[in-house]
Amino acid sequence: VTPHWLTAADVQSLGNGVDHLSNGVISHIEAGVTIHPLELMETIDANGIRRISGSLERQMLEESNYGQFELDQIAEEFVSQCGSPSGLMNYNEFRSLILKLGMPESHTRHCFRALSTSGVGLTLQELQLGLCALDPTTPHGAIPGQLRCQFIYRFYNTSGKGLLTFSDFKNMYRDICTQKKTTLSDNEFELLSIENWKHFGVPQTQSVSMNKFLTVVGQLKLR
């Protein structure tokens, strides 16, 4: 088997590997930085519109030049789809929107799962933050990169239970190989998937938490 180690850059390339999932949804994850979970905090203004108030999320929006004008544009689209700024956008409404933005049909369900913390629907805040993460112009850096990496983790976590299985990881690794145009036999792919999984320090029968995934990627162990 020709060695092909999974690098942090490979994981970062998944934004392209899943096509319009982001065109860059994984950005540079710096070694040794603190892992910042999504705060998912919000306030509601006098018009009943949810505003993003989490400091880390706000930082990503500001670094991406997403001001109130851009957020209000997303809010208008949100209301046109689900009728209320304080409601939830269900999967069918999200699918209709994201297909117009170029998302492949096969990725819509996974993307919805990645952006929705409840699994039932998207709040306006989640849609605003998610579209910012999907935007290829969002700069690469520690905080945006970590927040984006959490979306990628949830995209591949098909059970939606917060634990990445070996099967989920193989789907991720296959997309990495596709993105890098790496041709492997079925046997080579299986062996290299197993080798890369070992960096998480758990057997294939166990799963990997998001914190473990972010830690291993951040420490550049996947190479």
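# Why these labels: burial, ring pairs and helix packing

Reader: Why is Tyr156 called buried?

Author: The relative accessible area of Tyr156 is 4%. Buried means under 20%, exposed means over 50%, and partly exposed is in between (1.4 Å probe, protein chains only). At 4%, Tyr156 is therefore buried. Note that this is a predicted model, in which local features need pLDDT of at least 70 and side-chain atom pairs pLDDT 80 or more, while totals for chains, interfaces and linings use all residues. Residues are numbered from 1 along each chain as its sequence is written, and side-chain values use heavy atoms, without hydrogens and water.

Reader: What makes Phe155 buried?

Author: The value for Phe155 is 3% relative accessible area.

Reader: Why is the pair of Phe169 and Phe200 called edge-to-face?

Author: The ring centres are 5.6 Å apart and the planes stand at 85 degrees, so the name applies. Phe169 lies in helix H9 (residues 166-179). Phe200 lies in the loop between helix H10 (186-197) and strand S4 (208-209). The pair therefore ties together parts that are 31 residues apart in sequence. Both Phe169 and Phe200 are buried.

Reader: Which residues do ring pairs link into a cluster?

Author: The cluster holds Tyr153, Phe166, Phe169, Tyr173, Phe189, Trp197, Phe200 and Phe213.

Reader: What counts as a helix or a strand here?

Author: DSSP runs do: helices are H or I with at least four residues, strands are E with at least two, and both are numbered from the N terminus. The protein chain has 11 helices and four strands. Of its 223 residues, 48% count as buried.

Reader: Why are H5 and H6 called roughly perpendicular?

Author: Helix H5 (residues 91-100) and helix H6 (residues 108-115) pack at about 110 degrees, with axes 10 Å apart. Axes are lines fitted to C-alpha atoms, for helices over the stretch in contact, and angles run from 0 to 180 degrees between N-to-C directions. Under 35 degrees counts as roughly parallel, over 145 as roughly antiparallel, 65 to 115 as roughly perpendicular, and the rest as oblique. H5 and H6 are therefore roughly perpendicular.

Reader: Which residues make the contact of H5 with H6?

Author: H5 gives Tyr91, Phe94, Arg95, Ile98 and Leu99. H6 gives Thr108, Arg109, Cys111, Phe112 and Leu115. Contact means heavy atoms within 4.5 Å. These residues divide into seven nonpolar, one polar and two charged. Ala, Val, Leu, Ile, Met, Phe, Trp, Tyr, Cys and Pro count as nonpolar, Asp, Glu, Lys and Arg as charged, and the others, Gly among them, as polar.

Reader: What makes H6 largely enclosed?

Author: Six of the eight residues of H6 are buried, so the rest of the structure largely encloses this helix. The buried ones are Thr108, Cys111, Phe112, Arg113, Ala114 and Leu115.

Reader: How does H4 pack on H5?

Author: Their angle is about 130 degrees, and their axes are 9 Å apart. That makes H4 oblique to H5. Glu77, Gln81 and Cys82 of H4 meet Glu93, Ser96, Leu97 and Lys100 of H5. The residues of this contact divide into two nonpolar, two polar and three charged.

Reader: Is Leu129 buried or exposed?

Author: Leu129 counts as buried, at 2% relative accessibility. Leu129 sits in helix H7 (residues 124-134). Its C-alpha atom is 7.1 Å from that of Glu57, 72 residues apart along the chain.

Reader: What makes Lys181 exposed?

Author: Its relative accessibility is 73%, so Lys181 passes the limit for exposed. Lys181 lies in the loop between H9 and H10. Lys181 has a positive phi of about 55 degrees, although not a glycine. Most residues other than glycine have a negative phi.

Terms used. Phe/Tyr/Trp six-rings, centres within 6.5 Å; stacked < 30°, edge-to-face > 60°.
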